[in-house]
Amino acid sequence: MVHSELKEYEDKLPPKILQEIEEKCPSSKMKKVVQKVYEEFLSAQIDAGEAVGLVGAESIGEPGTQMTLNTFHYAGVAEMNVTMGLPRIIEILDGRKSITTPQMEIFLKAPYNKGKDIREIALQVKETKLGELVAEYGLNIVDLKIELKLNMEKLNALDVTPAYLVKAVEKGLASEANVKFEGGVISLKLKCKDDERGLNALYRLKEKSKEVYVRGVKGVTQILPVKRKEEFLIITAGSNLKKVFELDFVDTDRTTTNDIYEIAEALGIEAARQAIMDEVFKVIETQGLNVDIRHIMLVADTMTVSGEIKGITRYGVVSEKASVLARASFETPIKHIINAALKGEVDQLNSVVENVMLNQPVPVGTGLPGLITKIVRKEK
Amino acid sequence: MPKKKKEESKVEEVVAVVEQKVEAVEPKVDVAEKVEEKSPEIEKQQYSRERMEAVSHYIYKQVSSVVFGVLSPKMIKKMASAKIVTPELYDKEGYPVDGGLMDVRLGVIDPGLRCKTCGSKLKECIGHFGYIELARSVVHVKYARIIQLLLKSSCRECGRLMIAQEKWAKAKSHLDRIELEEGPESRRLAVKALIESKGGKCPHCKAKQSKISIEKPTTYIEGDKRVSPIEIRARFEKIPDEDIEVFGLNPKTARPEWMILTVLPIPPVTVRPSITLESGERSEDDLTHKLGDIVRINQRLFENINAGAPEIIIEDLWDLLQYHVTTFFDNGIAQLPPARHRSGQPLKTITERIKSKEGRIRHNLAGKRTNFCARTVISPDPMLGLDEVGVPKIIALKLTVPETVNEWNMAYLKKFVSNGPGKYPGANYVVRPDGKKKKITDETKEASLEELQPGYIVERHLMDGDVAIFNRQPSLHRMSMMCHRVRVLPGRTLRLNPAVCNPYNADFDGDEMNLHIPQTEEARAEAEILMQVQTQLISPRYGLSVIGCIQDAISGNYLLTKLGEMPREDAVQLLACVNVTDFSRLPSKKLVNGREIFSVLLPDEFDYESASRSGDKVVIRKGILMEGIIDTKSIGGEGEGLLLRSLHKKFGPARTIGILHQIFRLGIEYLVQHGFSTGIADEDLPQEAREQIDQLLHQAEEDVAQMIQSFKEAKLEVFPGRTMRETLELKILERLNKARNACGQIIKAFVQDKNHAAVMIMSGARGSMTSLIQMSACVGQQAMRGKRIEKGYRERTLSCFKRGDLSPEAHGFIIHSFKHGINPKEFFFHSITGRDALMDTALRTPKSGYLYRRLANAMQDLRVEYDGTVRDANGRIIQFAYGEDGIDVARSESGKIDVQRIINEN
């Protein structure tokens, strides 16, 4: 902190506020302003016992009723479809491992982001499969062979040499077929035991050969170079953050995906927490709704405290609760009660629902403080 | 001593033993209570129950924990107060048979009878368990799975778990980890996996094992022989406690042999009360029916065994008994046909009672019903304060507030008693200090009046100024339940100020709302301090005002501040209508303008600067509106209303709500005096405008035709990552939307100030520019999922179009306006999108409801601790400071501390 007046408040006020004061406030007023801000900051502090979880749930649940269901996002004419609205929120909070529309935003390092050869760079990211490069399939039933006529134009456009391609095919189909390459035609000879031979096996091989990975980043099915502000970046459909980070032209600091699990895996749980917040906030924002970030933060924190992503489901966050009755009141009550009986669990009744069940004060808000006093009995 | 806390133990095997922490919470010391204290112990006991009802909020004991476990046969017998031997229910006189299922030792459900176990009457006796001795033991279905696993993993000879001694420790830690990560079920499966890798011999006694399979639901087969429950039980008895622990079971609460039932607990009759039909016939509960079956078959089995019947017959009966016991616990098991009533409707047995939304847990335990509440249709009344609720007199006569009599209020309360229940401010009940509740009628009135003395409680009618909690479902917010002050009014509807419609999300098209009257001092205090409308002005969702002016109140203030110039006398009249008595703040000149009138309502020392909807500045200096027009951005609700937010910040909730009420009424009053109405003529456009619009739309159509042409010639410039067809679609959409928006510009230019529809739109009171365009110029493109309408027939949307027609008309562009009238094709397209929107809402509600329930359930026990951290019920830290800075959103300005404002103020 530069300003001396702000020094003493360094531990008392959040850095964001201090920074704002420093930027906006003329130094003549500084002392008074900081003091005033500190006063307001203190009076805006949350009370102990406040049921922040419930308020957070309300704050996200209530606007949920106002969101539209099947909206696809069309920000600008040339961008891609992404699930938005309520389905997306549900997807994020469920903590689903595979999401409906994975998408990456790949930022590029300095020389590459100027737009030169952007298409070529983008093509390096896109996953190419053998099926895309084949012009014609020829099934030779007698010899159990498949002849793949290559689309040389496409090969050239993608900068793939036939030799490289053959290697890739060999790698991908090593256990199924013998690969031969002659004059623009790859022939696959079915390799299997006699009793499995036949048209079906051959057909299966054909289908499988289409899926053989040739090059690019696995999982990236579409690419779209976009100019944003002064630089070019690549938007992809399909996501594979780890592999993209390995590419040398990628700016790993800013490149991101909407797949939270991938973020957790590549960048750790803290990044995943931030990603949950960003993604939920993005949806709420595009719906034109207003929810304070603190509520979303709390949800993201409950999902990630354990060190891994837990969805807001009976298998995730709820299953971690200590109280049998609280778990039973959510879903599958019988299962929880039976398991509790087998383990001889004891419900200590220290959360909300159990106490509601037993008609006792709940340990949040005004139910939290207890008064201890000795009652003076009057002598007769 | 006072009544024990009722135990909830619904699954008979899984009984919840309630540990009682005998915490002597002293009863409140009031006069009556003290007299009581002195009276002898026995007398107290007699009174205690009535007293509990009268002053039920005293907590005598608190449940500190609930223990779960499997009941042992010993325990079942110990807690039973009767052994049930006969399936008969009643004798000829209709009196419960001894040893029958309705035995009076199990509690009473008939008025007049006394329970033989505890001696109390109907409603006082909570019921007692009984038991039956099963002739042959049966498997408890709910444990069928774990029984299978135990059979597979324990040795049939020595009973030890088949893990070699040397691997014991390693296996244990491995299992502990699995349980921690994946839960108890996975642990059990993991045990099985450990065993199965070992092969056919027991590592302890080297006995050969054979394969055990389960024939669902409850039959076990070893090799090709059936293992009877008796045999299973015998094997389980041999399993030592340490081995059970490996399984993740607690041998103290769940010995495996207890999972085979030898005795069956019979739930108390109070759990399964019979209903007497109008004809005088008795209709028994489903559980009683099922228990009757069990007892009957059990009896038959006993008899057959004693008579030495052939094994086949016994086996058959045994299986039947197993079936009945199984369906008694769960009537929804896939492999078994459900037990049915004679009518064919399946019986609701224990599992069905507990689970799902209508089950015991979610319906009766996690949600409760209350007395002292009312519900009717709501209607608006802007003359009521924002924190008031108009209660019809008929309701006020039924809802009561208890007031304790003391020396000083005696005369005041006597008045109510003498008025009785029929005459308005009267009273319905008098409660004696011993808890006896007496209804006041015309006959008992005199006696009650005589009797009244300090310590008595009078339940008097609801009166003006009482606190009430007002609620509208769905209660998605904490603002869906707010505390209002009662105003007793004539009429039959609950009345509220339209300004508080926003938080309740209420309108008056037939909505109904609920009213609750808190009955204790504590409840009233909490309601007033935490729930009153004033305290809920700022939403905890975004830190801005949720309550604000709506509709006419906004239009009124907009017109007033825009062009409301009037003679001073008229202004005084206007202000007097909104309860202003001090006119010194109104400049003394002949003509005053609207801004000056509006300023009268503002506090002297109020400074404010912001922008209106149109982007013009709104400036208030020292309580005078210097420039700008007041609209929804200043005084609206739901996250708008910035003027209200800063009033709240500076002058606190009470003052804000007063000012808001006055502003609201000023707006309405202005409209009342100057007239404000809207009609179809508001959507009229002058000829010139019409021509311009026609030309505009025509141009757009031509442009689109050109695009289609160039698409057909494949000359269209393709967007990156799109096909040409997609590009065309996007371009057409863009062009047509542009055309419609351009219509808006034309309308704006031609619209006049006195067009009230436009006034509503400009002020943000109601409607939008789009709706005006749709009514007067052009309805525009009907889009589904962000695309033009494509569905219908092959390559066309309707059979009246040519195949492959890409024109706007054929894909849902409605060129006409609503006022002009739309043609049949257009009408059809419009109804497509209309239906789509309808479906969207219908599908969204349950989805978002479920999301909300999950969120609430997962996070309900997070709270801020005294050290500022956010923790869950286990004390695990979720956040070190709430929201990283500990700021309460409801106390912030849009989630922040407004540094700029503070700088400006200083």
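This is a short tour of the structure, stop by stop.

Before you start: this is a predicted model, where local features need pLDDT of at least 70, side-chain atom pairs count only at pLDDT 80 or more, and totals for chains, interfaces and linings use all residues. Residues are numbered from 1 along each chain as its sequence is written, while chains are lettered from A and ligands numbered from 1 in the order in which they are written.

**Stop 1: where the chains meet**

Show both chains. Here 89 residues of chain B are in contact with 98 residues of chain A. Contact requires C-beta atoms, placed from the backbone, to lie within 7 Å.

Now select helix H27 (824-859) of chain B. H27(B) gives the most to the side of chain B that touches chain A: 14 residues. Helices (H or I, at least four residues) and strands (E, at least two) are DSSP runs, numbered from the N terminus.

Color that side of chain B by residue type. You get 41 nonpolar, 26 polar and 22 charged residues. Nonpolar covers Ala, Val, Leu, Ile, Met, Phe, Trp, Tyr, Cys and Pro; charged covers Asp, Glu, Lys and Arg; the others, Gly among them, are polar.

**Stop 2: a strand pair across the chains**

Select strand S11 (residues 346-347) of chain A and S2(B). They pair in the antiparallel sense over two bridges. Strands pair if DSSP finds at least two bridges between them. Click A:Asp347; its bridge partner in S2(B) is B:Val66.

**Stop 3: domains of chain A**

Color chain A by domain: domain 1 (4-43), domain 2 (47-101 + 258-320), domain 3 (128-215) and domain 4 (333-367). These bounds come from an automatic or database domain assignment. The C-alpha centres of domain 1 and domain 4 of chain A are 45 Å apart.

**Stop 4: an enclosed strand**

Go to strand S16 (residues 457-461) of chain B. Why is it largely enclosed by the rest of the structure? Because five of its five residues are buried. Buried means 20 or more other C-beta atoms within 10 Å of a residue's own, exposed 12 or fewer, partly exposed in between, with C-beta atoms placed from the backbone.

B:Val430 stands opposite B:Val458.

**Stop 5: one serine**

Finish at B:Ser599, in helix H20 (residues 594-599) of chain B. B:Ser599 is buried, with 23 other C-beta atoms within 10 Å. Leaving out residues up to four places away in sequence, B:Ser599 touches B:Arg585, B:Gly623, B:Ile624 and B:Leu625.

Methods
Contact = placed C-beta atoms within 7 Å.
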